[in-house]
Amino acid sequence: MNNLGRYTLYIQNITDVICLTLAFFVSRFIRFTLPFIQYTGFHPDAYWRFYLSVIVAYMIVDIFVLCRENLLDRNASKELFAIVKMVVYIFSMVLVFTYITKTSAVYSRIFFMIYAIVSVVITFIGRMIIKNKIFPMYQRSKQSRKIVLVGPLDNVKRSLSILKDSDDWRFDVSGLVITDEDLKGEYIENVQIISNLNDMHQDITLEEVDSVYIVPKYIDDRIVEWTKRFCESGKNVYVN
C-alpha cells in the first residue's frame with residue numbers, strides 16, 4: 001500500500017468508527033425510545049458490550065479486508081456494495097461471538113437488524129462526505145501540498161491533465177511556469193501561469209509553494225542548474 005492509500009485508509013477507519021458509533025445510538029433510540037416499538041427488557045450494560053464487539057469485529061475486517069481495498073477507486077454504487085459487505089462481515093462475527101458466549105438471548109433481534117441497516121446508511125453517507133466534500137476541501141486549503149509545474153507548454157499541459165485526473169487529495173497544483181513561451185498571467189485548466197523562463201526563480205520564491213515539478217523534454221545542464229537554484233530557495237524539487 002502506498003502512502004496515499006495508507007492515509008486514505010486511516011481517514012476511512014476514523015470515519016467508519018464514528019459512523020458505527022452514531023448508528024449505535026440512533027438504533028438504540030429507535031428500538032428503545034420510540035413508543036411504537038418500545039422494549040421493556042432493555043439492559044444498557046449488555047448493549048455496551050454489543051457495541052464493543054462490533055468495534056472489535058470492525059478492526060478484524062479492517063486488517064483482513066479493508067486494507068486490501070481503495071476507497072478512492074469506487075463510485076457510489078460500488079461504495080454501497082462494499083459497505084454492505086463490510087457490515088455483513090461485522091455482524092456475522094458478532095453473531096458468532098454471542099452464540100459462543102451464550103449471550104444472544106440478551107439482545108433484541110429487532111435492534112440487531114436496525115443497527116445493521118442504520119450502519120449501512122450512515123457509513124455510506126459518511127464515506128460520501130469525505131470523498132466528495134472533505135478531500136476536495138482539504139485539497140483547496142492551505143494545509144495541502146502546493147506544487148508548481150515547470151516546463152515546455154506541451155509537457156506542462158500533459159502533466160497537469162494527469163495530475164487533475166489523479167485521486168491524490170494531498171496536493172494542489174497552484175501555478176504553472178511555461179519555459180518555451182511567455183504566457184504569464186494566462187490560465188490552463190483554471191490554473192494560472194505565474195511566470196516565464198526569465199522570471200521563474202524570483203516569482204516562485206515569492207509564491208507559497210512547497211514543491212516544484214520540472215517536466216522537461218530532456219535533462220541537461222540547464223535543468224541541473226534550475227534544480228539547484230530551486231533547492232537553494234527552500235523548495236522541494238522533482239524532475240520527471
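**Close-up 1. Asparagine 190 sits in the loop between strand 3 and strand 4.** This model is predicted, so treat each view here as part of a prediction. Take a look at the backbone first: asparagine 190 is not a glycine, yet its phi is positive, at about 70°. Most residues other than glycine have a negative phi.

**Close-up 2. Glutamate 189 belongs to the loop joining strand 3 (187-188) and strand 4 (191-196).** Here is another residue other than glycine with a positive phi, this one near 50°. Is glutamate 189 buried, partly exposed or exposed? With a relative accessible area of 40%, glutamate 189 is partly exposed.

**Close-up 3. Lysine 146 is part of strand 1 (residues 145-151).** Lysine 146 is buried, because its relative accessible area of 12% falls under the 20% cut-off. Leaving aside residues up to four places away in sequence, lysine 146 touches several others, among them Gln139, Asp172, Glu208 and Ser211.

**Close-up 4. Helix 3 (residues 76-100) packs against helix 4 (residues 109-140).** Their axes are 9 Å apart and meet at an angle of about 140°, so the two helices count as oblique to each other. The crossing of helix 3 past helix 4 is right-handed. On the helix 3 side, the contact includes Leu80, Ile83, Val87 and Phe91; on the helix 4 side, it includes Phe112, Tyr115, Val120 and Phe124. What kinds of residue make up the contact of helix 3 with helix 4? They divide into 15 nonpolar, two polar and three charged.

Definitions and conventions:
Residues numbered from 1 in each chain as written. Predicted model: local features only at pLDDT ≥ 70, side-chain atom pairs only at ≥ 80, totals over all residues. Heavy atoms only, no water. Helix = DSSP H or I, 4+ residues; strand = E, 2+ residues; numbered from the N terminus. Buried < 20%, exposed > 50% of the residue type's maximum accessible area, 1.4 Å probe, protein only. Contact = heavy atoms within 4.5 Å. Axes fitted to C-alpha atoms, helices over the stretch in contact; angles between N-to-C directions. Parallel < 35°, antiparallel > 145°, perpendicular 65-115°, else oblique. Left-handed = near helix turned anticlockwise from the far one by under 90°. Nonpolar A, V, L, I, M, F, W, Y, C, P; charged D, E, K, R; others polar.
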